[in-house]
Amino acid sequence: MPQRVMLFREAVGNDKYLLGGKGYGLVEMTSIGLPVPPGFVVTTEACKQYYSVGGKIPSGLFEEIRKKVKAVETQTGKRLGDTKAPLLFSVRSGAPFSMPGMMDTVLNLGLNDKVVEGLASNSERRRFVYDSYRRFIQMFGKIALGVNGQKFEDILESHKKRLHGKSDVELSPSELRLVIQEFKEVIRHDTGRELPRDPWTQLEMAVEAVFRSWSNPRAVEYRRYYKIADDLGTAVTLQQMVFGNMGQNSGTGVGFTRNPSTGENKLYGEYLPNAQGEDVVAGIRTPESLDVMPRELRAELGKISETLERQFKEMQDFEFTVENGKLYLLQTRNGKRTAQAAVKIAVDMAGEKLITREEAVVRINPAEIDQLLHRTLDPKAQVKAIAKGLNASPGAASGIAVFDTDEAARLGTKGDKVILVRPETTPEDIRGIIHSQGILTVRGGMTSHAAVVARGMGKAAVVGCSSIKLDLDNGYFKTPEGMIVKRGELITIDGSTGEVMLGNVPMIEPELTEDFRTLLEWADKSRRLGVWANADNPEAARKAKEFGAEGIGLCRTERMFNAQDRLPIVREMIMAEDEDHRKEALRRLVPFQLSDFKDIFSLMAGRPVTVRLLDLPLHEFLPSAEEVVEDMENLRIKHAPPSSMEGEARLLTKVHQLSEHNPMLGHRGCRLAITYPEIYEAQTEAIIRAAIEVRKELGKTVRVLIMLPLISNVNEMIFLRRRVEAAAERVFQEMEEKIDYKVGTMVETPRAALTAGELAKHADFFSFGTNDLTQTTYAFSRDDAEAKFMSRYLENKILTDSPFEVLDTQGVGRLVKLAKQEGRTSNPHLEVGICGEHGGEPKSVAFFHEAGLDYVSCSAYRIPVARIAAAQAAIASTKTVSTV
């Protein structure tokens with residue numbers, strides 16, 4: 001069984017899954033001789049045991065902790081509870097994956113009235129001692145005793161207000177003693193008990209509080225958002241306290257070995273003199289840049305930064321404290337960064353030979369690639385900033401100003417776009433942040449909670465905007481010029497410049513950076529899967545090509561029918577009483593379709609284009625019965641001629657005839673074409689004619705793939721393939737020219753997958769329509785499932801992910817594998833791809849690689865994601881690459 005408690009120096013060689021991220025970093029830094037205060041780790045094994053026995057401390061754990069405390073006492077020459085040389089601890093959480101601010105920390109543990117009075121006997125450090133005690137009571141009261149933390153903040157604010165002070169450092173020792181007494185009274189009143197005086201009791205309660213914080217709502221929400229497993233547990237690190245609040249030659253800070261917003265290879269961070277670490281990360285005070293540090297300490301920090309990167313081969317986010325001029329490291333972890341920074345750092349580190357190109361590709365989280373596709377403010381837009389803060393997380397966002405995190409979450413869940421405006425964000429704001437377009441805070445720096453979380457989530461953020469005055473009670477903020485911005489008013493923030501603007505500012509779509517293009521080129525050299533695009537019009541095809549699409553895996557033709565200039569003709573075709581009239585309407589539609597196909601084929605010349613023939617049921621092209629009845633009533637009121645009324649009556653009859661109880665399983669796809677073969681024949685003629693005309697004009701054309709939708713019986717395939725081939729032959733004879741083309745089917749029903757061996761004898765390719773295949777396999781209606789019960793399935797762990805977002809590999813995936821294997825057995829030349837949106841989801845792409853598909857196809861903006869994910873899948877299948 002893994003050990004439950006280990007000193008830093010004993011734990012070398014263990015991984016972050018046992019030590020937690022924080023413990024792992026401290027152990028590694030200790031092993032290479034960096035200045036780390038001594039301590040020990042209570043491992044994740046202990047936390048797992050805590051939850052396995054129903055939230056109770058495992059037997060013997062505290063005895064093991066006591067032994068390690070004694071070892072630290074021996075190492076430091078200090079003793080827990082001693083009044084002359086007390087050993088004080090920080091007690092901090094540390095999950096295997098970074099969860100900044102989501103769990104709990106207690107600093108200065110070991111202080112009580114006797115220890116405080118012993119330390120305060122030295123008048124030079126009296127203020128420091130009382131300030132440390134105040135901090136301990138505030139943290140311990142909130143985290144271990146469950147007191148509402150706002151009550152402590154209100155007491156602190158009232159004392160500062162009474163003295164006309166702005167920050168905690170302005171409170172005198174005597175004022176701090178009053179604060180301490182009021183804090184104790186709050187605890188006594190709210191809990192019915194005294195603040196524990198015994199340091200051992202404090203320690204035991206703090207360790208259990210950290211264990212409990214693994215399952216607090218914000219931690220659960222954060223894990224759900226980032227898809228972190230709930231059974232990993234958290235470690236607890238207990239480390240000798242060092243103090244940044246001992247005076248002006250002390251301080252605390254956060255450093256990044258490279259810029260987390262841009263990726264620039266330059267030490268980046270913030271420093272706050274005479275403060276403790278929580279002041280920086282919580283955004284309580286707005287810190288200054290590292291340049292305000294004494295020159296020799298700044299130089300030492302630079303050397304440490306280089307050492308950390310050599311050790312971890314990753315950009316590091318580290319916390320440090322300066323105590324009376326001596327530098328100590330308290331934490332290091334792989335730094336949260338924007339996607340733009342992640343790409344630059346990976347490419348630069350490969351160039352610096354710190355990592356290989358393959359490692360650079362593996363380093364990128366493909367799910368975060370869409371952050372690189374953030375919109376930015378249109379440089380042509382005439383804008384005037386109403387306020388300016390720190391540019392904490394790039395990108396621009398517009399939304400209504402909302403000042404309450406629960407309201408932001410509620411509105412965002414409904415689809416409203418909101419900007420969360422707060423004094424500073426705390427971990428409790430995580431739900432509001434997730435559902436907001438962007439974040440604006442009055443306080444906090446570039447390494448505050450809001451900045452770190454926003455960068456990790458790819459959301460625009462402006463922090464430390466101290467020029468605005470926020471009135472939460474009355475729901476508005478006031479700008480420096482006196483402008484009032486009320487709750488619900490539309491604002492825009494620019495996380496790249498720190499500017500805040502009134503209204504909705506025009507934005508432009510992003511372009512790929514040179515570093516990103518380089519990384520994608522490296523990815524393309526590693527991947528086996530092709531990456532195609534779903535594109536229904538020239539604009540989408542152009543964007544897909546720009547993002548590196550090697551072809552079009554799904555061109556839906558129903559959108560060509562829906563355009564305003566051709567919808568009346570489509571309705572004539574639907575209303576036709578016989579085949580001749582239907583063919584006449586279709587003949588008039590051919591020029592429109594010919595033009596559409598030529599535009600797309602010209603853009604994609606030399607590449608494959610898969611055209612799916614009409615899939616929608618015909619009633620989708622008609623107005624609803626309610627709309628027709630309303631039109632008839634209006635005609636009646638206007639005394640319209642009888643002929644008009646007769647036309648509407650015929651339309652209403654047709655609407656009723658075509659209405660279905662379950663349209664998804666009704667008269668659509670190939671079933672529609674078997675009833676009306678002339679529809680697919682007309683489409684085929686337009687496709688083949690367009691491809692030939694493009695070749696005449698450009699000297700080359702596309703590789704045409706004609707896809708028959710919703711096939712579930714081999715006889716449907718045989719029947720329709722004959723019609724398609726006959727139509728193509730007519731065009732060849734008329735134009736006296738031929739092209740190669742393929743006919744295949746979209747596999748989107750379980751029966752099609754189960755009989756794939758038979759279908760493949762008559763199909764040149766399969767393309768899995770995983771959206772519908774998921775619906776038909778689960779018997780879920782996607783719209784109803786997502787609106788009514790999917791959230792409960794996820795909350796109750798019935799499903800790990802929505803099967804419409806991440807492929808269900810056990811069920812739907814098994815059908816995919818079966819169909820591919822049996823199809824290839826029947827037809828060794830069968831081309832097999834997937835064109836559902838799963839084609840751009842990283843976990844699903846990895847499955848498709850493993851299943852042996854030829855390509856994935858997805859929307860244009862997911863193509864870079866698919867390229868990276870396909871490369872990572874290929875690399876993972878051939879070797880194990882370290883990701884540190």
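This note comments on selected local features of a predicted model.

1. Cysteines. The predicted structure contains zero disulfides.

2. Is G335 buried or exposed? With a relative accessible area of 5%, G335 is buried, because the cut-off for that class is under 20%. When neighbours within four places in sequence are left aside, the contacts of G335 are with M315, Q316 and D317.

3. G335 and V570. These two residues are separated by 235 residues in sequence. In space, the C-alpha to C-alpha separation of G335 and V570 is 56 Å.

4. Packing of helix 5 with helix 6. Two packed helices are described by the angle between their axes and the distance between the axes. For helix 5 (residues 126–143) and helix 6 (residues 149–162), the angle is about 155° and the axes are 8 Å apart. Helix 5 is therefore roughly antiparallel to helix 6, since angles over 145 degrees fall in that class. On the side of helix 5, the contact involves R134, I137, Q138, G141 and K142. Helix 6 contributes G149, F152, E153 and L156.

5. Burial of strand 7. How many residues of strand 7 (residues 268–273) are buried? Six of its six residues are buried, and the strand is described as mostly covered. Y268, E270 and L272 point one way from strand 7, whereas G269, Y271 and P273 point the other way. The residues on both sides are all buried, and the charged residue E270 is one of them.

6. Pairing of strand 7. Strand 7 has pairing partners in strand 6 and strand 8. With strand 6 (residues 251–256), the pairing is antiparallel and extends over six bridges. Within this pairing, F256 stands opposite Y268 of strand 7. With strand 8 (residues 288–289), strand 7 also pairs in the antiparallel sense, over two bridges. Here the bridge partner of Y271 is E288 in strand 8.

How values were computed
Residues numbered from 1 in each chain as written. Predicted model: local features only at pLDDT ≥ 70, side-chain atom pairs only at ≥ 80, totals over all residues. Heavy atoms only, no water. Disulfide = S-S within 2.5 Å. Buried < 20%, exposed > 50% of the residue type's maximum accessible area, 1.4 Å probe, protein only. Contact = heavy atoms within 4.5 Å. Axes fitted to C-alpha atoms, helices over the stretch in contact; angles between N-to-C directions. Helix = DSSP H or I, 4+ residues; strand = E, 2+ residues; numbered from the N terminus. Parallel < 35°, antiparallel > 145°, perpendicular 65-115°, else oblique. Pairing = 2+ DSSP bridges.
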